[in-house]
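This report describes the contacts, surface and selected local features of a single protein model.

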Amino acid sequence: LEESALAPFHRQNSLGDTQPLLGKGAKELGISGISAFKVLRLLGTGTFATVHLVEAREGGQRFALKKTRQRFRNRKARDYQLHEVRVLQRLMEGGGAGLQHLVPLHACWQEGGFLYVLLGLCAGGSLRDLQQHLNGALPLTTLLATLHDVCQGLGYVHRKGVVHLDVKPANLLLSGGRVLLGDFGMAAEAGSTEDEREGDTK
């Protein structure tokens with residue numbers, strides 16, 4: 001994601017408005033809302049959100065689209081759900097070695113009281129999926145490559161002053177021969193004393 005695609009969050013007059021919360025990312029991709037995509041299938045379900053495989057009606061590019069499972073009750077609830085997006089926005093800015101090992105954030109918007117987060121598609125699934133497919137026995141070469149990529153990603157995250165706090169096979173996504181860190185719902189600033197957050201991946 002180009003740095004120019006990142007913009008400050010907009011304040012919304014209504015939680016039911018359909019407007020981008022992550023400005024230019026949505027605009028440059030021609031996103032007017034969920035109607036800009038064909039929903040192809042469910043990829044996963046977590047405590048707070050579901051993730052679907054979607055295809056842009058214009059251009060045909062595929063993404064992973066994360067949607068909150070419940071409508072916002074109030075602005076505080078929306079801000080809580082925006083935590084992961086704010087962390088990802090911070091991590092996407094500036095670039096640097098290791099950024100390629102994070103699932104990219106493309107856009108974020110609210111629609112009908114729900115939060116939508118458009119993420120890069122990791123067509124290889126998760127490391128947990130691969131473990132299950134191989135009955136838990138991952139080849140040594142795969143383990144070493146995974147360790148390398150995870151260390152690269154975490155090194156970048158830590159240099160940005162963020163800690164992930166939920167590194168596990170389900171949150172390690174496979175894409176283009178690389179392992180990417182995903183699900184920053186529990187992430188926090190290094191040294192933060194904020195209340196513990198619940199992970200979202202099952």
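## Contacts and burial

Among contacts (heavy atoms within 4.5 Å) between residues at least 6 apart in sequence, 59% join residues at least 24 apart. Of the 202 residues of the protein, 45% count as buried, meaning under 20% relative accessible area with a 1.4 Å probe and protein chains only.

The model is predicted: local features need pLDDT of at least 70, side-chain atom pairs count only at pLDDT 80 or more, and totals for chains, interfaces and linings use all residues. Residues are numbered from 1 along each chain as its sequence is written, and side-chain values use heavy atoms, with hydrogens and water left out.

## Secondary structure and a hairpin

The protein has 5 helices and 10 strands, taken as DSSP runs (H or I of at least four residues for helices, E of at least two for strands) numbered from the N terminus.

Strand 8 (residues 172-175) and strand 9 (residues 178-181) run antiparallel and are joined by 4 bridges; pairing requires at least two DSSP bridges between two strands. Ser175 has Arg178 of strand 9 as its bridge partner. The two strands form a hairpin with 2 residues between them, and Gly176 in the turn has a positive phi of about 60°.

## Surface

The protein exposes about 10,800 Å², of which carbon and sulfur atoms supply 50%; accessible areas come from the Shrake-Rupley method with a 1.4 Å probe, and for residues only the protein chains shown count as cover.

Leu140, Leu143 and Leu144 form a nonpolar surface patch with about 310 Å² of accessible area together. Such patches comprise residues with over 30% relative accessible area and no salt bridge, with nonpolar side chains (Val, Leu, Ile, Met, Phe, Trp, Tyr) joined within 5 Å; a salt bridge is a side-chain nitrogen of Lys or Arg within 4 Å of a carboxyl oxygen of Asp or Glu. Leu143 belongs to helix 5 (residues 140-159) and is partly exposed, with a relative accessible area of 43%, the class between buried and exposed (over 50%).

Methods:
Patch = residues over 30% accessible without salt bridge, like charges linked within 9 Å, V, L, I, M, F, W, Y side chains within 5 Å.
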